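I opened the model today and kept notes as I went. The entries follow in the order of my look-ups.

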Amino acid sequence: MAKEPEYIRIAYKAPRPYDWSTGKYLGKVYAEAKENKKLVGNRCPKCQYIWLPPTPVCPKCKVDMGWDWAELPQTGTVYQYTYLVYPLWDPHYGEKWANPYPSATILLDNGTFYRHFLEEKDREKLKEGMRVQAVWKEDYNERGQGVQDILYFRTIEE
Amino acid sequence: MANRVAIVGIGQTHHTSQRNDVNQPEMVGEAVRAALADANLSIKDIESMFFGNMETFEGIFLPDHGMAAEVGAIGKPGFKVNTGGTTGGSVVVEAFSMVASGLFDVAMAIGFEKQDCGDTTAAITAAAVPNWAKGAATGAIGEFAKQALAYMKTSGAKEEHAAMVRLKADKGACRNENAHLRLGLKSIDEVMQSPYLVWPLRLMDFCPQSCGACVLILASEKKARKIHKKPVWLVDYEVVHQEPFRAGVFGDPTGEETYTQHVACEKIYKRNNITDVRKQVDLAEIYEPSNWEEMNLYEHLHFCGDGEGWKLIEKGITEIEGEFPVNCSGGVIATNPIGATPVIRVAEAALQVRGDAGEHQATRDVKTAIATALGGPNWTAMFLLKRSV
């Protein structure tokens with residue numbers, strides 16, 4: 001007598017490492033972050049918008065951007081913020097992972113929107129409009145991860 | 001002038017979080033067989049087959065190759081497309097284009113995702129500029145949490161309104177035997193008391209990860225009338241992939257910019273002389289990963305004026321028995337097998353036009369319907385369906 005089929009699942013745990021190229025434009029962002037703790041974007045010759053991440057062609061005007069770099073301010077205002085409550089799977093290491101730092105959309109002082117983490121973990125103290133400033137990894141050898149060379153944005157009093 | 005194209009076969013699997021009983025080809029085969037049965041066709045009648053799937057979600061390279069035998073594709077022309085969340089929309093566009101161009105008379109569009117195989121959030125996070133947003137993103141959940149914040153701010157909608165959308169969706173899902181989450185919710189409090197995933201987005205504000213497949217058979221006018229007694233005409237479509245990725249910000253946080261939905265729907269409405277959507281279209285099946293996004297889409301698709309999306313749900317206009325029903329099937333918030341999801345939108349809209357949606361058939365007569373697909377970073381595919389041409 002034939003048995004009922006067994007439904008079997010096969011786990012595959014091997015990591016799949018990747019090794020991406022930054023390319024010329026994003027490479028500039030990585031280099032400025034590592035060498036000078038600066039946040040840079042490139043400026044469209046036509047609309048003057050500063051793009052971060054930088055781009056060879058302006059997405060709006062569809063013209064060659066050239067090589068006109070602008071340093072972005074490292075201070076800004078929190079435009080909106082969210083924080084993780086339910087732990088997610090860390091997509092890069094496959095582990096349950098709860099980032100304690102709130103994720104914020106920050107309006108940098110030049111008018112560019114920028115997404116990064118906030119140092120302030122106390123949910124009572126989070127509010128839209130709070131003033132923040134980038135905090136960089138101090139150790140040169142730990143930098144080299146592009147915008148992740150900024151640890152988070154710290155609340156500042158002005 | 002393109003040839004007329006009609007939907008003559010509709011098939012889908014039931015949708016659920018775990019399908020241990022089938023592998024990916026077997027799951028897709030279920031929907032292919034269902035569509036063939038609906039059209040009363042044999043696989044030999046299908047001239048070309050188009051597949052839509054996000055292969056990085058399941059980790060299966062060339063899934064269409066792997067299932068060629070099971071779905072009867074061997075020896076037939078066709079290919080697989082992957083355009084992120086809009087994949088299922090793109091695969092319908094492919095099949096449509098092949099028939100509209102006259103290259104084929106009968107084409108099959110197949111969308112599928114078996115999300116129990118892998119980690120969707122991992123794949124979505126890797127979709128960002130690769131070494132840019134690593135670790136910063138929380139996949140789609142974080143993005144739609146920010147969208148919810150932006151919508152609250154620009155429209156004045158309250159959490160109660162989002163909860164009403166979820167309640168409406170669940171009512172539809174409970175009447176739809178294929179839907180994934182059929183919760184039997186009784187009050188908005190149940191939604192508003194569910195735990196937060198990413199503040200302010202709650203567990204019940206967001207779609208599940210589903211396994212499932214959906215298949216459409218499209219045919220030229222001369223074949224369509226012979227194949228099915230109730231062909232549903234796919235009269236127009238638009239695809240807009242336009243939004244740039246900037247500084248890790250998905251869309252425009254101020255909510256003031258032109259979105260892909262604006263561009264897509266305005267082109268379709270103009271070409272089809274639609275000036276008052278809710279008067280000239282009878283129903284919509286839209287791609288709403290969250291209840292907040294549904295209200296936002298009401299506005300972006302011009303079902304109402306800016307800042308008024310929440311009023312449609314408050315007045316019950318988009319309910320199954322309402323004046324302009326939206327997502328009678330339960331929508332994406334109840335069922336999201338990603339590559340299949342937009343195919344399901346078109347399929348459910350077509351079932352409504354045919355009057356074959358069963359328990360979740362809209363109260364009003366549906367002669368004209370809209371279906372949409374949405375994908376990151378905020379891309380849109382959109383379709384217009386009609387009972388007669």
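I began with the two domains of chain A: the C-alpha centres of domain 1 and domain 2 lie 21 Å apart. The bounds, 21–72 for domain 1 and 73–158 for domain 2, come from an automatic or database domain assignment.

A note on the source: this is a predicted model, where local features need pLDDT of at least 70, side-chain atom pairs count only at pLDDT 80 or more, and totals for chains, interfaces and linings use all residues. Residues are numbered from 1 along each chain as its sequence is written, while chains are lettered from A and ligands numbered from 1 in the order in which they are written.

**Chain A, domain contact**

I looked up which residues touch. In chain A, 10 residues of domain 1 are in contact with 13 residues of domain 2 (contact: C-beta atoms, placed from the backbone, within 7 Å). Helix H1 (residues 23–36) of chain A gives the most to the domain 1 side, with four residues. I took helices as DSSP runs of H or I with at least four residues, and strands as runs of E with at least two, numbered from the N terminus. By class, that side of domain 1 has seven nonpolar, one polar and two charged residues. Nonpolar covers Ala, Val, Leu, Ile, Met, Phe, Trp, Tyr, Cys and Pro; charged covers Asp, Glu, Lys and Arg; the others, Gly among them, are polar.

**Cis peptide bonds**

I found a cis bond from A:Leu52 to A:Pro53, with omega near 0°. A:Pro53 sits in the loop between strands S2 (50–51) and S3 (69–71) of chain A. In chain B, the bond from B:Trp199 to B:Pro200 is cis, with omega near 5°. B:Pro200 lies in the loop between strands S5 (196–199) and S6 (201–202) of chain B.

**Chain B, overall**

I noted 15 helices and 11 strands in chain B. Its C-alpha trace spans about 55 × 45 × 40 Å along the principal axes. Buried residues make up 60% of the 389 residues in chain B (buried: 20 or more other C-beta atoms within 10 Å; exposed: 12 or fewer; partly exposed: in between; C-beta atoms placed from the backbone).

**Positive phi in chain B**

B:Asn40 is not a glycine, yet its phi is positive, about 55°. I placed B:Asn40 in the loop between helix H1 (24–39) and strand S2 (48–52) of chain B. B:Asn40 counts as exposed because it has 12 C-beta neighbours inside 10 Å.

Methods. Contact = placed C-beta atoms within 7 Å.
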